[in-house]
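Here are some notes for a colleague who is opening this structure for the first time. Please read them with the model in view.

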Amino acid sequence: MRKKLLAALLLSASTIITPALAADLRIGLQEDPDVLDPDQSRTFVGRIVYASLCDKLVDITPDLELIPQLATGWSWSDDGLTLTMDLREGATFHDGTPFDAEAVKANIDRSQNMPESRRKSEVKSIESVSVTGPLQVQFKLKNPDATLLAQFADRSGMMLSPTATAAVGTDFGAAPVCSGPFKFVERIQQDRIVLEKFAEYWNADAIHFDKVTFLPIPDTTVRLANVRSGDLDMLERLAATDAASVKADANLQYEEAVSLGYQGITVNVNNGPKGDNPFGNDAKIRQAFSLSLDRDAINQVVFEGAFAPGNQPFPPTSPWYDKDYPIEARDVEKAKALLKEAGYDSLDVEVQVANNPVQTQMMQVVQSMAAEAGFNVKLKSMEFASLLADQSAGEYQASQVGWSGRVDPDGNIHQFMTCKGGINDSKVCIPEVDKLLDEARVSTDNAVRKAKYDEARAILIKELPIIYLYHPTWIWTLSSKLEGFTPYPDGMIRLENVKLK
Amino acid sequence: MLSYIARRLAIAIPTLILVSIFVFVLQKLLPGDPALVLAGEERDPQMLEFIREKYRLNDPIIYQYVYWMKAMLQGDLGVSLRTNQPVLELIGDKLPVTIQLATMAMIIAFVIGIPTGILSAVKKGTAIDYIANIVALSGLSIPNFWLGIMLILLVSVNLGWLPASGYESPFVDLGRSLKTMIMPAFVLGTALAATLMRHTRSAMLGVLKADYVRTARAKGLNETIVIIKHAFRNALLPIVTLSALLFGELLAGAVLTEQIFTIPGFGKLIVDAVFTRDYAVVQGVVMCTAAGFILMNLIADVLYFLLNPRMRASL
């Protein structure tokens, strides 16, 4: 009897398997986002959710051109101190509040002045915002700032309902109200974030799903298994080691874009007493180290060739990459000679590495390559928060460093390479570089900016406060039932025009 | 009986205070600066200072402890540094999930572990005993994360019977809730079943040698009744203690299993919190699980009384 009952239970359980509704989309994320308030949040993964939830003033194309989103057009004054923006007519926030110039003003005010705002540095060049028409705003700047528009293509440009921010203040993240294609329904931490289609969205015709659910699934194998079993329609950040098996699977689609970010090794050049060692003091030794590495082999061995080898803060595919300094081929003899010139036959170097298997493997490859040129690399495996603390405090000789990348080139270089840069952990300080990078951020002429960056590159490639190694590739895996997905180098998932076949 | 429970609860208070000091101090000993993790990639110095002020990270540790204790006594466990959500609310969200998982895992462990334990004790030295022991040993040795991934690949990807991961509340959709939970519960349950089986077996072996079992048999009682009524009931005590402790452990969260199956329970909550140095959450969850553990211990002792007439008489 009991057996029968059990069998009946199992049978009934197996019949209630519900296939996902046709117009629902389920996306697997690598991490659980932090607070869902664009002014307060700090994680990359949170921005993926915002791409569906919160429209920005401007957006980017896959080639990093800035295009209209909530702003339909803009112009700079000749002195570069005034930016005039025309705003989209008929855009509404999810709570019915109309989007207009006053809303923009309120949003910039919040990004600049809310104590909890993490956007302050991004919009600090704005002196004032004036409402010059119901759908026109003028930004007066303290100093010319070429990076501002690109900031508006990210969290600083996300427009939140002023009604909602006024009502709930810093608790906005519990139920965010924006103006994007989907509106917030619910969030269960570490489990799911549910959004539903916003019918009044200005570009609603391009949206083909009624509901989007984001599910944080940190384990890459399990995330992929969920797409294979049909429980997910899409995942972001596939492990490079799974790329081959996804490409071979007819039920799956593989999409990729080289990211805007980089990974490398930062060297303590002048950050406290620990920077006072041959590796930190003598650029020649760092050049030798860099020459001892075969970046292409690292990519092949650790990332199955899926990533992009690199030697600059911008990937070789970027318009900002300096083609005069291509990735040097590995040259062990030359590396040995440089080391010898600096007065050493062999040298001990301690490199910090985050204690995850992929990063550790990558550094082990670096370790064995550098060994051939005479470097005794000692790897110090650390949990990420500790690594970050030591790096920031100068308690390191060399350390793994990663940056998720910014649309504007300034974001990948200025704060790392200028004397007072906020994340300049190597504490490199070269007045000439400071001058060039400061000049590059004020010009609105890209050709002028590029020349400045190239000039700074010529100095930095010899100094090597950061030894760049590679640029990760964003890899998405989609069920073959989907079509219309476009990969972007910022790693976001834009659902416009994505639909079921 | 009641005075006994009251006494036990009173003893629990200093224990909890000790736990609170341990959690607090150990956490502060962890290297890494929560402000650096929380400030985001840019680590804006103004933001760092704001965070240190806001969460009182600049104050002496004793002060921080007192602030925390004071708030906790008023029922305020603080807010998550990462998501701004109140810790109490987070615990309220996760506790039912963890209880459900723990309960299902315990049921599976009982259903598998106890009958095999009895069987292997009764059939000691036979092939059945050896097979049961080998299976139990495998249950103990196979790592949870491996079994979990294998189950997902087999049951979800190849056979398509169950969702690969995720969670649904039983009050929203009971069917889906059971379907998402059955695999993780099985993974946890089999490991526990192995432990339970071994203990049941040894307890039964001890009891089966006892005089009263021989007497029962001599009376000509049915062997099943001898085993169930006379032997097993007496072998139950160590099993009860063990079960309560195992259940208490499960309530603290099954970190790896929850991670693999993406179950939003205590284990995942606390691991994520440790990595992001979300002090308020770590402290809140540890206090909560410590209290749960103490409670489970108490329940085990009370069950002793109910099961053992001799102890009842001693009061």
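Which residue in S19(A) is the bridge partner of A:Met234? Point 2 answers this, after a word on the model.

1. **Ground rules.** This is a predicted model, in which local features need pLDDT of at least 70, side-chain atom pairs count only at pLDDT 80 or more, and totals for chains, interfaces and linings use all residues. Residues are numbered from 1 along each chain as its sequence is written, while chains are lettered from A and ligands numbered from 1 in the order in which they are written.

2. **Strand S19 of chain A.** The bridge partner of A:Met234 is A:Leu478 in S19(A). Helices (H or I, at least four residues) and strands (E, at least two) are DSSP runs, numbered from the N terminus. Two strands pair if DSSP finds at least two bridges between them. Strand S11 (residues 234–236) of chain A is joined to S19(A) by 3 bridges, in antiparallel fashion. Strand S12 (residues 252–258) of chain A also runs antiparallel to S19(A), with 7 bridges. There, A:Trp474 in S19(A) stands opposite A:Ala257. A residue is buried if 20 or more other C-beta atoms lie within 10 Å of its own, exposed if 12 or fewer, and partly exposed in between; the C-beta atoms are placed from the backbone.

3. **Chain A overall.** Chain A has 16 helices and 21 strands. Its radius of gyration is 25 Å, close to the 23 Å that the globule rule gives for 501 residues, so chain A is as compact as a globular protein of that length. The radius is taken over C-alpha atoms, and the rule is 2.2 Å times the number of residues to the power 0.38. Along its principal axes, the C-alpha trace of chain A spans about 75 × 75 × 35 Å. Of its 501 residues, 49% count as buried. Two residues are in contact if their C-beta atoms, placed from the backbone, lie within 7 Å. Among contacts in chain A with a separation of 6 or more, 69% come from residues 24 or more positions apart.

4. **An open sheet.** Four strands of chain A make an open sheet in the order S4-S5-S7-S6, with antiparallel pairing. Strands S4 (71–76) and S6 (126–133) of chain A stand at the edges with a single partner strand each, so one side of each is left without a neighbour in the sheet. S4(A) pairs with strand S5 (residues 82–87) of chain A over 5 bridges, in the antiparallel sense. In this pair, A:Leu87 in S5(A) is opposite A:Ala71. Helix H3 (residues 101–113) of chain A lies across S5, S6 and strand S7 (136–141) of chain A, at about 170° to S6(A). Axes here are lines fitted to C-alpha atoms, for helices over the stretch in contact, and angles run from 0 to 180 degrees between N-to-C directions.

5. S8(A) and S9(A) form a hairpin with 3 residues between them, and A:Gln190 in the turn has a positive phi of about 65°. The two strands, residues 182–188 and 192–197 of chain A, are antiparallel and joined by 6 bridges. Helix H9 (residues 283–291) of chain A is mostly covered, with 7 of its 9 residues buried. Among them are A:Arg286 and A:Phe289.

6. **Positive phi in two loops.** A:Lys427 sits in the loop between helix H14 (410–417) and helix H15 (431–442) of chain A. Its phi is near 60°, a positive value in a residue other than glycine. A:Lys427 is partly exposed, with 16 other C-beta atoms within 10 Å. B:Thr262, in the loop between H11 and H12 of chain B, has a positive phi of about 50° although it is not a glycine. B:Thr262 counts as buried, with 26 C-beta neighbours inside 10 Å.

7. **The contact between the chains.** Chain B gives 45 residues to the contact and chain A gives 39 residues. On the side of chain B that touches chain A, H7(B) provides the largest share, 5 residues.
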